[in-house]
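Here is a friendly walk through a protein model for someone who has not seen it before. Have a look at the sequence and the picture, then read on.

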Amino acid sequence: MKLRKLPYHLTVCKVESLSAIDLASEFFFIGRTDEEISLVCRTEDTPVHTTERDDDWCGFRIEGVLDFSLIGILSKLSAVLAENGIGIFAVSTYNTDYILVKAENFDRATAALAEAGYEVAGEGPLMIRRAREEDVMQIAEILVEEWQTAYRLADRKSVVEGKSV
């Protein structure tokens, strides 16, 4: 079975009203019950006003149109991920199923599914990792040095031209 990585980050949230949702967005799922209105959407398309929100999800689409008579597809996928300690959020459409995992587990999920024999295609979203504090400090030091150098050069130029900085 072939899975395709979705090329964007997703958010799972709850909204008070359907009017909060941009129905012109390219990708979203809405679930409405007597208790809530849930939305899964691209993170950049998340409504401003949500009652609850959980960011940092990435997803896989099961490729092709799945016949309703097929049994156990989600069960098998979720079992592989559960065996690897990876939780899921599943969404089904008329055509196919989607498996969402937290971004921090996306690479492990991809490897686990591939090892279990699933073909995993696509690039997936750009993964931005949180920088270590020492890396941030090093970058800050470089930026300060660059700013100081630029300031000294501007100061020298103003002295030559008779202006003050």
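What follows goes from the overall layout to a few local details.

## The big picture

First things first: this is a predicted model. The protein has three helices and eight strands. Starting at the N terminus, the elements come in the order β-β-β-β-β-α-β-β-α-β-α.

How much of the protein is buried? Of its 165 residues, 31% count as buried. The accessible surface comes to about 11,100 Å², and carbon and sulfur atoms account for 52% of that surface. Now take the contacts in the protein with a separation of 6 or more: 67% of them are between residues 24 or more positions apart.

Strand E1 covers residues 2-5, and its side chains alternate.

Which strands does E1 pair with? One partner is strand E8 (residues 119-121), in the parallel sense, over three bridges. There, Arg4 has Ala121 in E8 as its bridge partner. Another partner is strand E5 (residues 52-62), which runs antiparallel to E1 and is joined to E1 by three bridges. In that pairing, Leu3 stands opposite Ile62.

## Salt bridges

How many salt bridges are there? The count comes to six. One of them joins Arg42 and Glu26, with the closest N and O atoms 3.4 Å apart. Arg42 sits in strand E4 (residues 37-42) and Glu26 in the loop between E2 and E3, so this pair ties together parts that are 16 residues apart in sequence.

Another salt bridge is made by Asp54 and Lys102, whose closest N and O atoms are 2.8 Å apart. Since Asp54 is in strand E5 and Lys102 is in strand E7 (residues 97-102), the pair ties together parts that are 48 residues apart in sequence. Asp54 is partly exposed, with a relative accessible area of 33%. Then there are Arg53 and Asp55, whose side chains meet in a salt bridge at 2.8 Å, N to O. Both are partly exposed, Arg53 at 43% and Asp55 at 25%.

## Cysteines without a disulfide

A disulfide is a covalent bond between the sulfur atoms of two cysteines. How many disulfides does this model have? The count is zero. Take Cys41 as a case: the closest cysteine sulfur belongs to Cys13 and is 4.9 Å away from the sulfur of Cys41. The cut-off for a disulfide is 2.5 Å, so that gap is too far for a bond.

Are these side chains buried or exposed? Cys41 counts as buried, at 2% relative accessibility. Cys58 is buried as well, at 0%.

## Leu81, a buried spot

Leu81 lies in helix H1 (residues 73-83). With 0% relative accessibility, Leu81 counts as buried. What is Leu81 in contact with? Leaving aside neighbours within four places in sequence, Leu81 is in contact with Ile86, Ile88, Ile99, Val101, Ala109 and Leu113.

There is also a distance to check in the picture. Leu81 and Ala116 are 35 residues apart along the chain, and their C-alpha atoms are separated by 9.8 Å.

Which residues make the nonpolar surface patch of about 260 Å²? Leu18, Leu23 and Ile30 do. Leu18 is in the loop between strand E2 (10-15) and strand E3 (28-32). Leu18 is partly exposed, with a relative accessible area of 35%. The cut-off for joining a patch is over 30%, so Leu18 at 35% passes it.

How values were computed. Residues numbered from 1 in each chain as written. Predicted model: local features only at pLDDT ≥ 70, side-chain atom pairs only at ≥ 80, totals over all residues. Heavy atoms only, no water. Patch = residues over 30% accessible without salt bridge, like charges linked within 9 Å, V, L, I, M, F, W, Y side chains within 5 Å. Areas by Shrake-Rupley, 256 points an atom, 1.4 Å probe, with all protein chains shown as cover. Salt bridge = Lys/Arg side-chain N within 4 Å of Asp/Glu carboxyl O. Helix = DSSP H or I, 4+ residues; strand = E, 2+ residues; numbered from the N terminus. Buried < 20%, exposed > 50% of the residue type's maximum accessible area, 1.4 Å probe, protein only. Pairing = 2+ DSSP bridges. Contact = heavy atoms within 4.5 Å.
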